[in-house]
Structures are given as C-alpha cells and as structure tokens.
Amino acid sequence: MKATDALDEIAFLLERNLASPYKTKAFRGALAAIEAFTDDEIEAGVEDGSLKRRKGIGATTWTVIEQAVAGDVPDYLVDLRERIGGPVTKVGAELRAQLKGDLHSHSYWSDGTTDLATMARTAERLGHEYLVASDHSPSLRIANGLSTERLTQQLDELSTLNESFDGFRMLSGIEVDILESGDLDQSDTVLRGLNVVVASVHSKLRTPSREMTKRMLAGIRSPHTNVLGHCTGRLVQGSRGTRPQSAFDAKAVFAACAENNVAVEINSRPERQDPPDELITLALDAGCLFSIDSDAHAPGQLGLLDLGAARADGLGVPTDRIITTWPAEKLLEWCR
C-alpha cells in the first residue's frame with residue numbers, strides 16, 4: 001500500500017478511538033512531511049535513507065513508511081485494524097448509511113487538530129456529500145474562537161477549497177455561543193451569510209434552571225439558529241472527566257425548537273452522548289427535527305457518526321426527521 005495511505009489510515013483510526021492527540025500528531029506530521037512527494041520520490045528516499053532524516057518523521061513513522069514502500073501493510077496498521085478497525089458499532093448501520101453529511105466539525109481555525117482540506121478529504125472518503133465547517137465563535141477564547149475577520153478569511157479558504165471537489169461540498173458555518181444574555185456570539189450580518197448555524201451553550205453550565213431556560217430559548221428563537229448543539233453540556237466519560245447536565249425546562253426548550261424549526265443535535269461523541277436518551281424521547285414527542293453530528297475535532301472523529309446513528313436508531317427516531325439524511329440542496333433550503 002502507499003505510505004501516505006498507511007499514515008492517513010493509522011491517524012484516522014487513532015483519532016476515531018480518541019487516542020492522545022500527541023500520538024496522532026506524529027502520524028499526521030509524517031504524512032505532511034511526505035505527501036507532496038511522488039511514490040517514486042518516497043521510494044528513493046527510503047532506499048538512500050534521506051527520508052528518515054526528514055523533519056516530522058520519527059522511528060515509528062519511518063518503520064511504517066519503510067514497510068509500506070516494501071509492499072507490505074505496516075505492522076502498526078495491521079494491529080490497529082485488528083483492534084479497532086471496522087465500524088465503531090454495527091447497531092444502526094442502515095441509518096448510518098443514509099446520513100449524507102455532518103453539520104458540526106472543527107478545524108485548526110479554532111480548536112481542531114488539522115486544516116479544512118484534511119477534514120474535507122476525510123469526509124469525502126467516508127461517503128459524505130457535505131461537511132459544515134463550524135468552528136467556535138469569539139467568546140470561546142480557550143478554543144481560539146473566530147473573530148469576524150478570521151471567519152471572513154476562513155470563508156475565502158472554503159470557497160477556494162470547494163473548487164477542488166466534484167460532488168462533495170464544504171459548507172460554511174459556525175458553532176456560535178449562546179451568551180448569558182441569550183444573544184448569539186456573532187453579528188447578524190455574519191450569521192446571515194453562513195450556510196448553517198449551530199448554537200450551543202459553553203459557559204456557566206451550572207446556571208439555575210430558570211435562567212438557563214431563558215437563555216436557551218432566546219438562542220433558539222434567533223432567526224439565524226438552525227441546530228441546537230449538545231444541549232445539556234454533560235460529560236459522561238473521557239479524559240476531561242465527568243460533568244452533570246445543565247438544568248433547564250426541557251419541554252419548553254424542545255417546544256421552542258419545534259416551533260422555530262431548529263433541529264436538536266444528537267451529538268455522537270462518546271464522552272457527551274448528548275442529549276440523554278430521555279431527552280431525545282421528549283424532543284421526539286415535541287415534534288422536533290434532529291441532526292446527527294460528530295462534533296469532530298480531528299479527521300478520524302468524523303467516523304463517530306456511527307455512535308450517533310446507533311442511538312437515534314435505538315430510540316426510534318424516524319429517518320425523515322433527521323436533517324443530515326437530506327441532500328445538500330434540501331438542507332440549505334431548509335436552513336434559509
């Protein structure tokens with residue numbers, strides 16, 4: 001197999017398994033170090049040893065490259081495929097196959113690990129028709145949230161990037177904070193120009209129920225909001241520890257989502273599993289639409305959609321109420 005394909009697949013599997021970013025960075029770094037070379041140039045660099053001395057290539061990644069050039073599947077990849085290869089789960093496979101895109105992803109423009117092009121190529125390889133670039137908004141400084149100026153620059157990059165694809169599209173978007181006031185953390189002018197707006201609460205998650213409900217309702221009622229992201233903010237596992245879900249009037253919130261044509265996100269990250277099952281059922285009863293999203297911060301995490309599809313399928317969410325099963329034009333028309 002190609003050395004670049006081997007490094008890419010290793011990084012993907014590690015990212016999807018939520019491995020340490022330092023481990024995945026080694027393989028992404030090695031890939032970046034050789035991806036501009038032709039196969040012949042990589043082979044020559046292995047033969048004379050010059051590639052081994054190239055910045056970004058360490059002992060482990062060198063062995064992967066060397067074995068791939070020799071015509072073998074690298075041992076490191078063989079082991080990963082045996083341990084964590086294949087779908088994350090086979091539950092909900094039929095629904096997963098009907099998902100056409102993902103409305104929630106992050107790149108290095110905010111707190112993601114790679115550039116937009118790498119995210120896009122991975123999404124296309126997974127069979128997506130579209131992926132939304134939804135990096136964070138300005139107030140989330142810890143996540144390098146985008147100012148209006150930086151978001152404008154990102155839009156230019158997206159436009160250029162889309163020229164390189166045929167049949168796949170990167171859509172413009174943002175994960176915008178719902179501020180304590182209930183306002184969205186970007187100007188109306190900016191939000192009006194985006195394809196998809198995911199609105200989420202990231203701060204003061206222990207706010208009393210009455211105030212949190214008021215805050216969320218204001219964000220949902222904004223004419224720019226398309227999706228309510230990870231609505232409870234909970235963490236149930238993972239390296240960041242656990243965090244209880246926010247308190248709010250779920251019936252009022254989901255009624256507002258249904259009334260204002262705002263989809264409720266089913267966040268696929270295993271550490272979130274947000275909303276909890278009982279709230280998905282409540283949102284179903286309220287007549288809500290849903291968006292199954294990965295909330296990916298690395299290319300491999302786009303594969304976590306398997307988990308969101310499994311939860312939606314297990315709870316009986318009808319396919320026609322999942323907006324990420326829609327083709328791009330239908331989605332964009334609905335968002336408008």
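Reader: Does F27 count as buried or exposed?
Author: This is a predicted model, where local features need pLDDT of at least 70, side-chain atom pairs count only at pLDDT 80 or more, and totals for chains, interfaces and linings use all residues. Residues are numbered from 1 along each chain as its sequence is written, and side-chain values use heavy atoms, with hydrogens and water left out. Buried means under 20% relative accessible area, exposed over 50%, and partly exposed in between (1.4 Å probe, protein chains only). F27 comes out at 3%, so we call it buried.

Reader: How many aromatic pairs does a search of the whole structure find?
Author: Rings of Phe, Tyr and Trp (its six-membered ring) pair up if their centres lie within 6.5 Å. Searching the whole structure that way, the count is three.

Reader: What sort of pair do the rings of F27 and Y76 make?
Author: Planes under 30 degrees apart count as stacked, over 60 as edge-to-face, and the rest as tilted. The centres of F27 and Y76 sit 5.0 Å apart and the planes meet at 50°, so this pair is tilted.

Reader: How many residues apart are F27 and Y76?
Author: Helices are DSSP runs of H or I with at least four residues, strands are E runs of at least two, and both are numbered from the N terminus. F27 belongs to helix α2 (residues 21–34) and Y76 to helix α5 (residues 75–84).

Reader: What kind of aromatic pair do F165 and F168 form?
Author: Their centres are 5.1 Å apart, with 65° between the planes. F165 is buried at 15% relative accessibility, and F168 is buried at 3%. The pair they form is edge-to-face.

Reader: Which elements do the buried residues of α13 pack against?
Author: Helix α13 (residues 305–314) has seven of its 10 residues buried, so the rest of the structure largely encloses it. Among the buried ones are L305, D306 and R311. They pack against α6 (93–98), β1 (101–102), β6 (263–267), α12 and β7 (290–293).

Reader: How does α11 lie relative to α12?
Author: Axes are lines fitted to C-alpha atoms, for helices over the stretch in contact, with angles from 0 to 180 degrees between N-to-C directions. Under 35 degrees is roughly parallel, over 145 roughly antiparallel, 65 to 115 roughly perpendicular, and the rest oblique. Helix α11 (residues 250–259) and helix α12 (residues 277–285) come within 9 Å and cross at roughly 45°. That makes α11 and α12 oblique.

Reader: Which residues of α11 and α12 make the contact?
Author: Contact here means heavy atoms within 4.5 Å. From α11 we get A250, K251 and F254, and from α12 L279, L282 and A283.

Reader: How are α1 and α4 set to each other?
Author: Helix α1 (residues 3–16) and helix α4 (residues 59–69) have axes 8 Å apart, at an angle of about 135°. They are therefore oblique.

Reader: Which residues is V46 in contact with, leaving aside neighbours within four places in sequence?
Author: V46 sits in helix α3 (residues 39–47) and is buried at 14% relative accessibility. Its C-alpha atom is 49 Å from that of F290, which is 244 residues away along the chain. Its contacts are L51, W62, I65, E66 and V69.
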